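Thank you all for coming.

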Amino acid sequence: MFDYLCFMKSIYFLFILVTFVIFSCGDAPKEISEKVVHKVEGNQSVEQMAKRHMESQLSIPATEKYTYHIYKAHLDEDEKIDAIISLNRLNFAMNEASSSNKTSKNAEIGFMGNYNYIFFFDGGLNKISPPIAIPSSPLAELKIAFENIHSDSYKDVLVDFRVLNGSFKDYYTVSNHIPRRVFQWKNYDGLKSEINEAYTFDYAEGTMGFVKDILVKKAKLIQPKKDIDIYKYDPVLEESDEIVYRFFYHPDQGKYMTQKKNRK
């Protein structure tokens with residue numbers, strides 16, 4: 001019997017694998033172009049500008065219900081506060097599925113698509129970027145966190161997103177006023193399944209410079225003891241000391257790499 005869910009997950013994992021190979025073997029792509037960055041008018045704050053900017057960039061009608069959040073931090077070398085704006089368009093995703101008569105099938109895969117976005121507000125330039133799509137399920141909003149990886153004086157951006165019963169993490173760094181994705185890995189997969197895997201992340205002194213290495217550690221996924229909504233439930237990941245991979249940043253290539261064998 002054809003398993004549609006497994007097929008869709010396989011397709012997405014293939015996409016993740018291809019993306020990872022690109023990051024490992026070639027130049028990491030720039031997520032946005034400086035030519036289409038939108039300048040904030042006057043002295044408006046990011047709060048004042050965000051809603052109008054997002055609606056304009058994505059042609060969001062006034063009748064659409066959506067949610068967004070603003071997370072502030074120092075994200076580049078200047079002394080100005082920057083921000084990441086996350087946007088979730090769940091209602092739009094459900095309406096699209098309904099209008100195409102594919103609500104049932106799309107619901108099975110969590111309405112996967114480009115319905116979660118991030119925007120970068122550059123406090124120094126007073127500009128907001130175009131949308132950066134995070135292909136994922138809009139049934140779960142993006143989770144945004146910050147870590148000092150490229151520098152002790154400013155943060156990198158960590159974006160967690162959901163795909164079926166798994167979760168992934170993207171790493172972005174801001175270079176020349178442009179957010180660049182430099183790394184991606186799985187948080188866990190197999191929630192509510194006997195076959196599962198999980199990982200946690202740590203950081204160590206850089207192998208090839210001041211940018212920190214990323215340590216991917218094996219973890220145990222603690223399964224829920226009752227029925228849950230996989231998109232709303234945050235499982236406990238029991239950390240271990242086992243380093244599965246150690247990724248190091250190659251400054252000349254602008255990307256993370258790793259050796260075939262573990263390096264502790």
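Leaving aside its neighbours within four places in sequence, which residues is Asn 106 in contact with? Before I answer, please keep in mind that this is a predicted model, in which local features need pLDDT of at least 70 and side-chain atom pairs count only at pLDDT 80 or more, while totals for chains, interfaces and linings use all residues. Residues are numbered from 1 along each chain as its sequence is written, and side-chain values use heavy atoms, with hydrogens and water left out.

Now to the answer: apart from those neighbours, Asn 106 is in contact with Ala 97 and Phe 111, where contact means heavy atoms within 4.5 Å. Asn 106 has its place in helix H4, residues 103-108; helices (H or I, at least four residues) and strands (E, at least two) are DSSP runs, numbered from the N terminus. With a relative accessible area of 22%, Asn 106 is partly exposed, given that buried means under 20% relative accessible area, exposed means over 50%, and partly exposed lies in between, with a 1.4 Å probe and protein chains only. The C-alpha atoms of Asn 106 and Ala 93 are separated by 9.1 Å, and these two residues are 13 residues apart along the chain.

Let us turn to strand S4, residues 116-122, where 7 of the 7 residues are buried, so the strand is largely enclosed by the rest of the structure. In a regular strand the side chains alternate between the two faces of the sheet.

Which strands does S4 pair with, if two strands pair when DSSP finds at least two bridges between them? Strand S3, residues 82-88, is joined to S4 by 6 bridges and runs antiparallel to it, with Asn 88 standing opposite Asn 116. Strand S6, residues 132-133, is joined to S4 by 2 bridges, again antiparallel, and the bridge partner of Ile 118 there is Ile 132. Strand S5, residues 127-128, also has 2 bridges to S4 and runs antiparallel, and here Asp 122 stands opposite Lys 127. S4 and S5 form a hairpin with 4 residues between them, and Asn 126 in the turn has a positive phi of about 60°.

S7 is joined to strand S8, residues 156-163, by 5 bridges, and Glu 147 has Asp 156 as its bridge partner in S8.

My next topic is charged pairs. A search of the whole structure finds 11 salt bridges, a salt bridge being a side-chain nitrogen of Lys or Arg within 4 Å of a carboxyl oxygen of Asp or Glu. In one of them, Asp 160 pairs with Lys 169, the closest N and O atoms being 2.9 Å apart; Asp 160 is buried at 18% relative accessible area, and Lys 169 is buried at 11%. Another joins Lys 217 and Asp 202, at 3.4 Å from N to O. Lys 217 lies in strand S12 and Asp 202 in strand S11, so this pair ties together parts that are 15 residues apart in sequence.

Finally, the aromatic rings. The structure holds 14 aromatic pairs, meaning that rings of Phe, Tyr and Trp (its six-membered ring) have centres within 6.5 Å, with planes under 30 degrees apart counted as stacked, over 60 as edge-to-face and the rest as tilted. Trp 185 and Tyr 245 form an edge-to-face pair, 5.3 Å centre to centre with 65° between the planes, and this pair links distant parts of the chain, with Trp 185 in strand S10 and Tyr 245 in strand S13, 60 residues apart. Trp 185 is buried at 15% relative accessibility, whereas Tyr 245 is partly exposed at 29%. Both belong to a cluster linked by ring pairs, which has Tyr 171, Phe 183 and Tyr 256 among its members.

Note on methods:
Two strands pair if DSSP finds at least two bridges between them.
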